[in-house]
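Biologist: Could we go through this model together, one residue at a time, with the cut-offs stated as we go?

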Amino acid sequence: MNTHQASFVRASMIEASPAPLLESGVAYWLRKNLFATPKDTALTIISLLVLAWLIPPAIQWLFIDAAWSGGGRGVCATVAQGGSQPDGWSGACWAFVNAKFSQFIFGRYPPDERWRPALVGIIFVLFLVPMLIPKVPYKGLNAFLLLVVLPILSIILLPGGWFGLTYVETPLWGGLMVTLVLSFVGIAVSLPLGVLLALGRRSTMPVIKMLCTIFIEIVRGIPLITVLFMASVMLPLFLPQGVTFDKFLRALIGVSLFASAYMAEVVRGGLQAIPKGQYEGADSLGLGYWQKMNLIILPQALKLVIPGIVNTFIGLFKDTSLVSIIGMFDLLGIVRLNFSDTNWASAVTPVSGLIFAGFIFWLFCFGMSRYSGFMERVLDTSQQR
């Protein structure tokens, strides 16, 4: 019997053809995204006119007319105000930001000891970056270094009092250091605790379900500023005489529990979005409850709610400014505290300081937002072949 190879079966795939000229390039992108319809064209033109009206004066005030160096308020005040700038001058006072930059980062932490929080920050970056890159191996080791080793090093280095290090009390902490410590601890605690609370609220055990529901609903119904006030002022009243906790530690616990309640509802939404067939399929394989959750349900649920999780992280990062209610000064608090410095009192100093603080907050929040988008694309199995 003779066998013949079918001539219509290819041995290799055809190479992809380039896109048509009318379906690629800058002109196509502009036509598709900005000028697709008369309405889009009108909105694009209006937006360009508004930007042309706002951007040149902003650049002039922020950069061209700004005072970049100098000491004291004279460089940021006009002659009529007792400064060196000509009458009618108005520009950003970046000299103020430059002079106070170290204080904005470390607060009132002793200058001779600021190498300690700086070292903790460097170690944090070295441990965090490999954790964020999907292709870097040894994620378990990275997680151990970031979540176990780093906190131990921070407890030793930041407050001191160990191994000959000078003790620095937490009321002297401030600036970006406090913002990052509060947000990192809050994020690291709220995600696993929020997952447990979400699982508890969906539990079939009445007591566990009731306790988790009560905790979530009570905490979500109270403003964070009230939680911080209770942790700082009211909690010591319920403790035995002579027993106290550090004020900053109380703020850490309050922020972490508050964020956990919100995180629990985000995760619960992801759990409810998983089809019932996934649960039944896991049960048909004979998997136990925790095996089913760890291997089947939670990976899918957490992938679905990445935007909600990151949104909670961003909100937590910005809410750290509320610690000023208990006498702690985060980045925004330490910037506002320096407005009272008479050596830098001028009409443009507060605006410049607030713009600097806002830019730093935006930088971190935008970074978290972009990374969440990157992870969504990496984990989007619907587009993978």
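Modeller: Let us begin with a side-chain pair: the side chain of threonine 349 makes a polar contact with that of serine 346 at 2.5 Å. A polar contact is a pair of N or O atoms within 3.5 Å; within protein, one must be able to donate a hydrogen and the other to accept it, and residues adjacent in sequence count only if both atoms are side-chain atoms. This is a predicted model, in which local features need pLDDT of at least 70, side-chain atom pairs count only at pLDDT 80 or more, and totals for chains, interfaces and linings use all residues. Residues are numbered from 1 along each chain as its sequence is written, and side-chain values use heavy atoms, with hydrogens and water left out.

Biologist: Is threonine 349 buried or exposed?

Modeller: Buried means under 20% relative accessible area, exposed over 50%, and partly exposed in between (1.4 Å probe, protein chains only). Because its relative accessible area is 3%, threonine 349 counts as buried.

Biologist: Which residues is asparagine 142 in contact with, leaving aside its neighbours within four places in sequence?

Modeller: Asparagine 142 lies in helix H5, residues 139-157, where helices (H or I, at least four residues) are DSSP runs, numbered from the N terminus. Its relative accessibility is 9%, so asparagine 142 counts as buried. With contact meaning heavy atoms within 4.5 Å, and those sequence neighbours left aside, the residues in contact with asparagine 142 are Pro130, Met131, Val136 and Pro137.

Biologist: What is the relative accessibility of leucine 51?

Modeller: Leucine 51 lies in helix H2, which covers residues 38-64. Leucine 51 counts as partly exposed because its relative accessibility is 43%.

Notes: Helices (H or I, at least four residues) and strands (E, at least two) are DSSP runs, numbered from the N terminus.
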